[in-house]
Amino acid sequence: MPVERALERLLEMADAAPITEQETLSLDQAMGRVLAVSLAATLDLPPWSNSAMDGYALRLADWQGTPLVVSQRIQAGQAPEPLQPGTCARIFTGAPLPAGADCVEMQENVDVLDDQRVIFREVLQRGDNVRPQGQEMRVGDPVLAAGVRLGPIELGLIASLGLDRVRVVRRPRVAVLSTGDELVEPGQPLGPGQIYNSNRRVLCSWLERMGCAVVDAGILPDDLERTRERLAEMGEVDLILSSGGVSVGEADFLGIALREEGELALWKLAIKPGKPLTFGHFRRVPVIGLPGNPASTLVTFGLLARPYLLRRLGVQTVQPLQVSVPAGFDWPRPGNRREYLRGRVQEGRAVIYPNQSSGVLLSATWADGLVEVLEGRTVTQGDAVNFIPFSEILQ
Ligand code: AMP
Ligand code: MG
């Protein structure tokens with residue numbers, strides 16, 4: 001199954017199972033959360049016309065080339081008097097324009113005479129150096145649409161409207177299961193044939209960054225009875241996310257348990273790393289089974305499970321930004337799967353980590369993102385390739 005098709009299917013299923021419950025949070029709690037209702041402007045921004053410069057405010061028609069008396073001084077935060085006809089006002093950036101003034105001359109273009117009157121050295125036009133009331137938005141204008149993820153910029157915009165609370169979609173509850181008899185948690189001694197569980201850390205930390213409430217369901221041994229039990233104990237969650245145990249041909253206990261008490265689709269994705277992916281339900285709870293190799297888990301979570309989860313929260317733009325950069329490497333052998341190579345952009349060219357084995361997580365710490373090589377294609381230095389920065393998907 002091509003990657004686009006798998007993503008399309010996942011997004012269809014996400015659209016059919018939206019998480020709709022909302023909560024109200026203060027702005028300092030809302031970072032990374034998803035806006036639940038569209039926001040319209042509750043104020044004009046700016047609320048009144050103000051000066052964009054330190055300088056002098058005047059009515060253009062009053063200026064005939066002769067010096068003007070400075071009749072008031074207006075600093076940011078002060079309420080001005082109406083401008084006396086035939087005079088100008090000393091004004092500073094962000095200070096309200098006095099009624100009657102229609103432009104501001106920056107102080108660099110003004111000469112102050114000995115008697116404190118001023119001369120303007122430049123030809124002005126009405127509106128010069130003025131930020132008019134409502135230039136950014138007017139009361140009632142759409143500001144942010146439901147489904148927007150709140151980052152520092154969105155939160156700042158909401159604050160600029162004077163709002164201290166925001167309505168967001170509740171956190172999704174995601175259970176993380178690591179499968180494999182060979183897995184041991186860090187901090188424990190390593191026995192023969194064992195490895196440390198790294199996927200759990202990757203997935204739990206990543207989900208937390210995405211604003212999920214993580215239910216850490218620990219390590220699941222490769223055993224059907226234990227798998228059935230663990231799934232049944234899971235409680236109220238919106239998604240069960242497992243890693244490992246979905247390699248085609250191997251005893252797939254998660255798959256068996258899902259078939260018994262739910263439904264299962266096993267997809268052979270045309271993606272490398274990460275061919276097998278499970279999507280199913282256990283008693284109506286969606287389950288995504290990611291392949292266990294650390295680089296496969298990373299790529300399939302970032303490109304498939306993450307967009308699925310965000311879409312369940314109502315986020316529309318779930319695809320990461322990709323940038324086209326010239327390749328700084330050769331990829332002479334075409335593959336039949338789309339490859340996501342761990343790489344970085346160096347001096348304007350995409351370069352890749354020498355060891356692209358799906359078991360090597362170090363490749364991804366060296367890298368700043370994923371370099372896409374399309375199925376059936378080769379790459380020669382200088383060819384354009386797509387680069388997906390990790391910063392686009394790791395949040
Ligand atoms: P599997 O998908 O279970 O066949 O696992 C594929 C490879 O990924 C095997 O080498 C596993 O040992 C490894 N693996 C599976 N789960 C984890 C995990 N949670 N942390 C680190 N490696 C894992
Ligand atoms: Mg396994």
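Mentor: Let's start with domains, whose bounds come from an automatic or database domain assignment. The model here is predicted, so local features need pLDDT of at least 70 and side-chain atom pairs count only at pLDDT 80 or more, while totals for chains, interfaces and linings use all residues. Residues are numbered from 1 along each chain as its sequence is written, chains are lettered from A and ligands numbered from 1 in the order in which they are written, and side-chain values use heavy atoms, with hydrogens and water left out.

Trainee: Which domains does the assignment give for the protein chain?

Mentor: Domain 1 is made of 3-20 + 171-312 and domain 2 of 22-45 + 136-169. Domain 3 covers 50-131, and domain 4 covers 323-393. Taken over C-alpha atoms, the centres of domain 2 and domain 4 are 37 Å apart.

Trainee: What is the radius of gyration of the protein chain?

Mentor: This value is taken over C-alpha atoms, and the globule rule is 2.2 Å times the number of residues to the power 0.38. The protein chain has 30 Å, whereas a compact globule of 395 residues would have a value near 21 Å. Along the principal axes, the C-alpha trace of the protein chain spans about 95 × 50 × 40 Å.

Trainee: How many helices and strands are there in the protein chain?

Mentor: The protein chain has eight helices and 26 strands; these are DSSP runs numbered from the N terminus (helices H or I, at least four residues; strands E, at least two).

Trainee: In what order do the four strands of the open sheet run?

Mentor: Strands of a sheet pair through backbone hydrogen bonds, either parallel or antiparallel. Two strands pair if DSSP finds at least two bridges between them. Here the order is β5-β6-β4-β7, with mixed pairing. β5 (69-74) and β7 (103-106) each have a single partner strand, so one side of each is left without a neighbour in the sheet. On average, neighbouring strands of this sheet are turned by 30° against each other, direction ignored; axes are lines fitted to C-alpha atoms, for helices over the stretch in contact, and angles run from 0 to 180 degrees between N-to-C directions. Four bridges join β4 (residues 55-58) and β7 in the antiparallel sense, and the bridge partner of G55 in β7 is M106.

Trainee: Which are the edge strands in the open sheet of six strands?

Mentor: That sheet also has mixed pairing, in the order β16-β13-β17-β21-β20-β18. The edge strands, β16 (213-220) and β18 (262-268), each pair on one side only. From one strand to the next, the twist averages 15°. Look at β18 and β20 (residues 276-282): they pair in the antiparallel sense over seven bridges, with G262 opposite F282 in β20.
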